[in-house]
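Here's a walk through one protein chain, from the whole fold down to single residues. Have a look at the sequence and the model first, then read on.

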Amino acid sequence: MTKNYPFNFNLKLITELTVDEEEALRVLRVAVYPPEVIAHRPGRHIKWSLPQWRLLVEDGSGWLVSHIGIVIREVTLDDVSICIGGIGGVMTSPKAQGQGFATAAFRHAEAFLNKCGLTFSLLVCRQDLVPFYTRLGWQSFNGILLVEQPGGTVPFTVNEPMVLPVNDKAPKKGTINLCGLPW
Ligand SMILES: CC(C)(COP(=O)(O)OP(=O)(O)OC[C@H]1O[C@@H](n2cnc3c(N)ncnc32)[C@H](O)[C@@H]1OP(=O)(O)O)[C@@H](O)C(=O)NCCC(=O)NCCS
């Protein structure tokens with residue numbers, strides 16, 4: 001189901017969030033990830049990258065209901081440097097889930113990434129969310145994903161990597177080295 005009143009999309013560099021926006025984000029994060037959920041998150045032992053942008057989605061009454069973090073990173077695909085987009089920190093308040101907010105946020109984020117001259121975008125997600133992202137046009141990446149962690153470069157195996165073609169095809173195999181922390 002999609003909401004029929006307007007969403008407000010607020011795309012900002014993370015350094016430009018106001019105090020009120022940071023607080024709304026904190027409230028959203030706690031609602032989506034209460035301690036009992038955090039305790040069992042598959043990625044709880046991973047050191048994650050901060051995004052460069054945050055897409056804040058407010059409902060018609062100005063309530064922050066959904067968030068997407070956006071990264072643009074120079075990575076390598078089979079040792080060749082390329083610039084890709086990244087999506088992380090996808091969350092919708094439990095009270096607003098199932099109403100199309102994340103879907104709308106993805107469409108907005110994709111339009112932004114399209115303008116950034118990237119080849120493809122990448123996200124990692126739990127196995128149960130693969131069908132959701134597949135419906136949004138993402139494809140499973142079946143190659144090797146390398147990421148930085150405090151101990152060095154390691155294969156990322158905790159979650160499912162998925163890719164979205166942006167201005168070119170997205171790879172289905174090969175080795176992608178994120179050349180930094182995962183998002
Ligand atoms: C996943 C999430 C961001 C979706 O946000 P949303 O605004 O409810 O998304 P939409 O309304 O656009 O789409 C809803 C669809 O998400 C999918 N979905 C949501 N949670 C799911 C889950 N746990 N397992 C499988 N599919 C799920 C379903 O396909 C659902 O469709 P349905 O309502 O017809 O069943 C939201 O459920 C959430 O914040 N979950 C907790 C945090 C999380 O898991 N984030 C994703 C990290 S990769």
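What follows goes from the overall fold to one helix, the ligand shell, and a few individual residues.

Before anything else, this is a predicted model, in which local features need pLDDT of at least 70, side-chain atom pairs count only at pLDDT 80 or more, and totals for chains, interfaces and linings use all residues. Residues are numbered from 1 along each chain as its sequence is written.

Let's start with the fold. The chain has four helices and 10 strands, where helices (H or I, at least four residues) and strands (E, at least two) are DSSP runs numbered from the N terminus. The chain is as compact as a globular protein of 183 residues, because its radius of gyration is 16 Å, close to the 16 Å from the globule rule. That radius is taken over C-alpha atoms, and the rule is 2.2 Å times the number of residues to the power 0.38. Along the principal axes, the C-alpha atoms fill a box of roughly 45 × 35 × 30 Å.

How much of the chain is buried? Of its 183 residues, 27% count as buried. Here a residue is buried if 20 or more other C-beta atoms lie within 10 Å of its own, exposed if 12 or fewer, and partly exposed in between, with C-beta atoms placed from the backbone. As for contacts (C-beta atoms, placed from the backbone, within 7 Å), take those between residues at least 6 apart in sequence: 74% of them join residues at least 24 apart.

Now for helix α3, residues 101–115. Its 15 residues should span 21 Å at 1.5 Å a residue, and its end C-alpha atoms are 22 Å apart, which agrees; the expected span is 1.5 Å times one less than the number of residues. Which residues of α3 are buried? They are F101, A102, A105, F106, A109 and L113. Viewed down the helix axis, the buried residues of α3 fall within an arc of 130°, so they line one face of the helix. The arc is that of the directions from the helix axis to the C-beta atoms.

Just past the end of α3, G117 takes a positive phi of about 70°.

Helix α3 also takes part in the ligand shell. Of the 16 residues around the ligand, T92, Q97, G98, A102 and T103 come nearest, a residue being near if its C-beta atom, placed from the backbone, lies within 6 Å. The elements giving two or more residues to this shell are β4 and α3. By type, the shell divides into eight nonpolar, seven polar and one charged. Ala, Val, Leu, Ile, Met, Phe, Trp, Tyr, Cys and Pro count as nonpolar, Asp, Glu, Lys and Arg as charged, and the others, Gly among them, as polar.

Strand β4 spans residues 80–92 and holds I84. With 25 C-beta neighbours inside 10 Å, I84 counts as buried. Leaving out residues up to four places away in sequence, I84 touches R73, V75, L118, T119, F120, S121 and L122. I84 and V163 are 79 residues apart in sequence, yet 9.9 Å apart in space, C-alpha to C-alpha.

The loop between β3 and β4 holds D78 and D79. Phi of D78 is near 50°, a positive value in a residue other than glycine, and D79 has a positive phi of about 70° although it isn't a glycine either. D78 counts as partly exposed because it has 13 C-beta neighbours inside 10 Å, while D79 is exposed, with 8 other C-beta atoms within 10 Å.

Two stops remain. P161 is found in strand β9 (residues 160–165) and counts as buried, with 21 C-beta neighbours inside 10 Å. Beyond four places in sequence, P161 touches L122, V124, F141, L145 and F156. I176 lies in strand β10 (residues 175–177) and is buried too, with 24 such neighbours inside 10 Å.

Note on methods: Two residues are in contact if their C-beta atoms, placed from the backbone, lie within 7 Å.
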